[in-house]
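Notebook open, model loaded. I want to look up the fold, the annotated spans and the surface.

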Amino acid sequence: MFNNLFLAGASEQLALGNMLFLLVAMVVLLLLLKHYAWKPVSKMMQDRADKIAHDLDSAEDARQKAQDLASQRQEQLQAARSDANGIIADAKTAAGLQRDQIVSDANTSAKAIKATATAQIEQERVEAMSSVKNEVAELSVTIAQKIIQKELKLEDQKALIDAYVEGLGDK
């Protein structure tokens, strides 16, 4: 009955044969399509999915490596800053010690120069006083000889002159 409606006056065998032929052609076409089109398209899609997954993994690895390198660089930079600060502190300490040593040496040298100068001044003063005593003694003797016209003993003259010079030194 279903056949009668579709075929409406055609022979049943021809319609059934055509249907079978179309069904077989369709199955063959689907098999050919599956073998030649679906498998390569499916393989291409799987390869693309694998490549994308690999690229994502590679990108994650590269990102992790970059992050590790950045943290290493940060640590190295921090260590370099710490070393530089240590070197600067050591240099300041060494400079301070050297400054103190130079000042100490300069003070010692100045004290030694002052002591030498003081000793030299004292020596020159003593020599000047001795020279003045001798000159005063000679001058006194000469004056006294001329005034008195007689000669005094040398020891008496020296005692007289020493007393006179001490009297000058007290003034």
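My entries on these topics follow.

Ground rules first: this is a predicted model, where local features need pLDDT of at least 70, side-chain atom pairs count only at pLDDT 80 or more, and totals for chains, interfaces and linings use all residues. I number residues from 1 along each chain as its sequence is written, and side-chain values use heavy atoms, with hydrogens and water left out.

Fold: I find 3 helices and 0 strands, running α-α-α from the N terminus. Helices are DSSP runs of H or I with at least four residues, strands are runs of E with at least two, and numbering starts at the N terminus.

Annotations: UniProt's unreviewed entry puts a "transmembrane region" at residues 20–38. I see 100% helix and 0% strand there, with end C-alpha atoms 25 Å apart. The unreviewed entry also lists a "coiled-coil region" at residues 49–83. That stretch is 100% helix and 0% strand too, its end C-alpha atoms 50 Å apart. UniProt positions follow the numbering used here, feature names are shortened, and annotations may be inferred rather than shown by experiment.

Surface: of the 171 residues, 5% count as buried (under 20% relative accessible area; exposed is over 50%, partly exposed in between; 1.4 Å probe, protein chains only).

Patch: Leu16, Leu20, Leu23, Val27 and Leu31 make a nonpolar surface patch of about 490 Å². Leu23 sits in helix α2 (residues 12–148). Why does Leu23 count as exposed? Because its relative accessibility is 53%.

Definitions and conventions
Patches are made of residues with over 30% relative accessible area and no salt bridge: like charges are joined within 9 Å, nonpolar side chains (Val, Leu, Ile, Met, Phe, Trp, Tyr) within 5 Å. Accessible areas come from the Shrake-Rupley method with a 1.4 Å probe; for residues, only the protein chains shown count as cover. A salt bridge is a side-chain nitrogen of Lys or Arg within 4 Å of a carboxyl oxygen of Asp or Glu.
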